[in-house]
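Let's take a walk through this model together, one neighbourhood at a time. Please have the sequence and the viewer at hand.

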Amino acid sequence: MGKEFRTFINAEDIGPLDKAMAEAMEIKNNRYKYQHLGKNKTLMMIFFNNSLRTRLSTQKAAMNMGMNVIVLDVNAGAWKLETERGVIMDGDKSEHLLEAIPVMGCYCDIIGVRSFAGLTDREYDYAETVLNQFIKYSGRPVFAMETATVHPLQAFADLITIEEYWKERNKRPKVVLTWAPHCRSLPQAVPNSFAQWMLAADVDFVVTHPEGYELDPKFVGNARVEYDQRKAFDGADFIYAKNWSNPGVTRLEDYGKITSKDMSWTVDTEHMSWTNNGKFMHCLPVRRNLIVTDDVIESPNSIVIPEAANREISCSVVLKRMLEQL
């Protein structure tokens, strides 16, 4: 592969997208072709936060590759972990991450980490403090199973899904990432990664959201931003709905807050009528009738289930490449 594949965090880590997509389709046609790579190798999956698709798809991908799998839920059945240096540990946290990480590395060959944003300290979150400690101290290849700022396995699966459902090869698909309202403050990891991967792909990419919800330029780059949702949806082939809390780009003090609850942004049948018979996408789980109405997510144009299924494929490609480097 050229450079050693030690981390998978951002779109550029996967290398040329055409090669990655070809590998994904190869694996989808034969999920067990590379079982020999994982024989007597162990994946450790570390969860600081809840998961359904990531936990199941990553474990399935590892099993497809012939790997043993250890799943550690830090919040259930493990010592509470301190993550900050310099802290006097006289509270309820019995072990420091700086000892726990190298110990974890002793028991596995590859590590997957899931750790969400706290949404109170933007500098801490965007420094990817927890993930980077694993990269620095584990001595193992590390991949992101969603972190404070990114969710690359989801974005890779999203791209695979768009590739499968786009039939008009003579033109680029119009892909729209739209903000939608939510009752809780959510991180920007999914929209950050989706923007990053769409910008790397050959698509016409548009982001639409209320003013003040601008994503970090590190991820959204020079993507076209349209504050009028109807204009953004016009002629779209794929609609990717996702809520995110305020990224604090325009006003740092707004970071992690809900600064809009505008229900007119909920994706309903009228919204989808503005598109070019567009497909509806979402990473799941989804709050129905906040993000999207029942009729849209249950419609024939909803591809959220195939999208979720492709999480197994995106992770398989990443594990294959990491195993090839061991």
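Is Thr42 buried or exposed? With a relative accessibility of 13%, Thr42 counts as buried, where buried means under 20% relative accessible area, exposed means over 50%, and partly exposed is in between (1.4 Å probe, protein chains only). Before going further, please note that this is a predicted model, in which local features need pLDDT of at least 70 and side-chain atom pairs count only at pLDDT 80 or more, while totals for chains, interfaces and linings use all residues. Residues are numbered from 1 along each chain as its sequence is written, and side-chain values use heavy atoms, with hydrogens and water left out.

Back to Thr42, then. You will find Thr42 in strand β2, residues 42-47; strands (E, at least two residues) and helices (H or I, at least four) are DSSP runs, numbered from the N terminus. Setting aside neighbours within four places in sequence, Thr42 is in contact with Met67, Asn68, Ile70, Tyr107, Cys108, Asp109 and Ile110, contact meaning heavy atoms within 4.5 Å.

Cys108 is itself buried, at 3% relative accessibility. A disulfide is a pair of cysteine sulfur atoms within 2.5 Å, and a search of the whole structure finds zero of them. Cys183 is another example: the closest cysteine sulfur, in Cys283, is 14 Å from the sulfur of Cys183, again too far for a bond. Cys183 counts as partly exposed, at 43% relative accessibility.

Now let's turn to the helices, starting with α1 (residues 17-29). Its axis and that of α13 (residues 311-325) are 9 Å apart, and the two helices pack at an angle of about 110°. Axes here are lines fitted to C-alpha atoms, for helices over the stretch in contact, and angles run from 0 to 180 degrees between N-to-C directions. α1 and α13 are therefore roughly perpendicular to each other; angles of 65 to 115 degrees get that name, those under 35 count as roughly parallel, those over 145 as roughly antiparallel, and the rest as oblique. From α1, the contact is made by Lys19, Ala20, Glu23, Ala24, Ile27 and Lys28, and from α13 by Ile313, Ser316, Val317, Lys320 and Arg321. By class, these residues are five nonpolar, one polar and five charged. Nonpolar covers Ala, Val, Leu, Ile, Met, Phe, Trp, Tyr, Cys and Pro, charged covers Asp, Glu, Lys and Arg, and the others, Gly among them, are polar.

How does α1 sit against α6? The axes of α1 and α6 come within 11 Å and cross at roughly 80°, which makes α1 roughly perpendicular to α6. Here Leu17, Ala20, Met21, Ala24, Met25 and Lys28 of α1 meet Phe156, Leu159, Ile160, Glu163 and Glu164 of α6. This contact has eight nonpolar, no polar and three charged residues.

A further pair is α3 (residues 97-106) with α5 (residues 129-137), which pack at about 50° with axes 9 Å apart. α3 and α5 are therefore oblique to each other. Leu97, Leu98, Ile101, Pro102 and Met104 of α3 meet Val130, Gln133, Phe134 and Tyr137 of α5. The contact of α3 with α5 divides into eight nonpolar residues, one polar and no charged.

Finally, have a look at some backbone details in the loops. Most residues other than glycine have a negative phi, and most peptide bonds are trans. Glu146, in the loop between β7 (142-144) and α6 (152-165), has a positive phi of about 95° and is buried at 8% relative accessibility. Asn277, in the loop between α10 and β12, also has a positive phi, near 50°, but Asn277 is exposed at 60%. Thr275 lies in the loop between α10 (269-273) and β12 (279-281) and is buried, with a relative accessible area of 11%. Beyond its neighbours within four places in sequence, Thr275 is in contact with Phe233, Gly235, Ala236 and Ile239. Our last stop is Pro285, in the loop between β12 and α11 (294-297): the peptide bond from Leu284 to Pro285 is cis, with omega near 0°.
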